[in-house]
Amino acid sequence: ITLQEYDYARESPSKLAASCLLLALTMKNLGGWTPTLEYYSGYSAQELRPLVKRLNFLLTYQPRDKLNTVRTKYSHRVFFEVAKLAPMDMLKLEEALTHR
């Protein structure tokens, strides 16, 4: 969904990808940002926090009438139904990112 949002065009693709991964790991409670992820991505969890929070905000307040084809595709079990996941509560996300 960031492809349709001009505010994300200034972010480097690698930082955007790393932030999306950290948000996904946090949403699914699959652990935090490991030293291995930090090494290979080049980003610390602290560096990614602001962008992760912006991404969650985007998920929370995205218009439902846009990108229906994408939402339908990623609602299928082949893609683990990720489009059906609810965004995280911002306070819980902040807490999860702080404690990792």
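Biologist: How do the residues lining the largest pocket divide into nonpolar, polar and charged?
Modeller: The lining has 16 nonpolar, 2 polar and 3 charged residues, where a pocket is an open set of points on a 1 Å grid over the protein atoms alone, with protein on both sides within 12 Å along at least five of seven lines, and lining residues have an atom within 4 Å of a point. This is a predicted model, in which local features need pLDDT of at least 70 and side-chain atom pairs 80 or more, while totals for chains, interfaces and linings use all residues. Residues are numbered from 1 along each chain, and side-chain values use heavy atoms, without hydrogens or water.

Biologist: Which helix gives the most to that lining?
Modeller: That is α1, with 4 residues; helices are DSSP runs (H or I) of at least four residues.

Biologist: New topic: how many salt bridges are there?
Modeller: The count is 4, taking a side-chain nitrogen of Lys or Arg within 4 Å of a carboxyl oxygen of Asp or Glu.

Biologist: What does glutamate 94 pair with?
Modeller: Glutamate 94 forms a salt bridge with arginine 49, their closest N and O atoms being 2.4 Å apart. Because glutamate 94 lies in helix α5 and arginine 49 in helix α3, the pair ties together parts that are 45 residues apart in sequence. Glutamate 94 also meets lysine 53 in a salt bridge, at 2.7 Å from N to O, and lysine 53 is in helix α3, 41 residues apart from glutamate 94.

Biologist: Is arginine 49 buried or exposed?
Modeller: Arginine 49 counts as buried, at 17% relative accessibility, whereas glutamate 94 is partly exposed at 23% and lysine 53 is partly exposed at 29%; buried means under 20%, exposed over 50%, and partly exposed in between (1.4 Å probe, protein chains only).

Definitions and conventions
Helix = DSSP H or I, 4+ residues; strand = E, 2+ residues; numbered from the N terminus. Nonpolar A, V, L, I, M, F, W, Y, C, P; charged D, E, K, R; others polar.
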